Amino acid sequence: MKRICVFSDSHGYGENMLRVIDREKPAMVIHLGDGLSDLWQVTRKYPDLPVESARGNCDRYSTAMNTLRLTVEGKRIFACHGHTYDVKFDPALTRLRYAALEDEADILLFGHTHIPMQDHDLGMDILNPGTVGESYCPTYGLIVIDGGRVTTEIRQA
């Protein structure tokens, strides 16, 4: 079983991620951009925790790629911030869904909107963890892959 914490849009609030990691004890962290510089707190406190990231529109000096493609426990993950797919202006996420489908993804992750969302469509689990940053209710995503079965959940930080 693999537990993955998914964060997005931390915007300077790395301590929210630390609190979640302390509570969840994940095997991996994925950050979907806009606050990648906040990850230094995570890597400093948890140097052995695998951390993957995709670049957001506010991560100007990051060397991370716009799209992250991973395989975890046999499941293909397509992850991005979402700005390059115009997720704020395409509520159906048409371009993003088809890009992930073309990539044969099992799991599609995106951020940018600060609005948590979860769906299952076109054979994919789709998750936007919302914002773990400054918010009256910061949120994050939790993915559990267990024996080939994927579950996703949105939780409050």
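Before the residues, one term: buried means under 20% relative accessible area, exposed means over 50%, and partly exposed is in between, with a 1.4 Å probe and protein chains only. What you see is a predicted model, where local features need pLDDT of at least 70, side-chain atom pairs count only at pLDDT 80 or more, and totals for chains, interfaces and linings use all residues. Residues are numbered from 1 along each chain as its sequence is written, and side-chain values use heavy atoms, leaving out hydrogens and water.

I start with Arg 23. Arg 23 sits in helix α1, residues 14-24; helices (H or I, at least four residues) and strands (E, at least two) are DSSP runs, numbered from the N terminus. Its relative accessible area is 44%, so Arg 23 is partly exposed. Which residues does Arg 23 touch, leaving aside neighbours within four places in sequence? Tyr 140, Gln 156 and Ala 157 are in contact with Arg 23, contact being heavy atoms within 4.5 Å. Between the C-alpha atoms of Arg 23 and Asp 48 there are 17 Å, and 25 residues along the chain.

Next, the sheet. It is open and mixed, with 5 strands in the order β4-β5-β6-β8-β7; two strands pair if DSSP finds at least two bridges between them. At the edges are β4 (67-72) and β7 (117-121), each pairing on one side only. Strand β4 runs antiparallel to β5 (residues 75-80), joined by 6 bridges. Leu 68 is opposite Ala 79 in β5.

Last, Tyr 98. This residue belongs to helix α3, residues 94-102. Tyr 98 counts as partly exposed because its relative accessibility is 47%.
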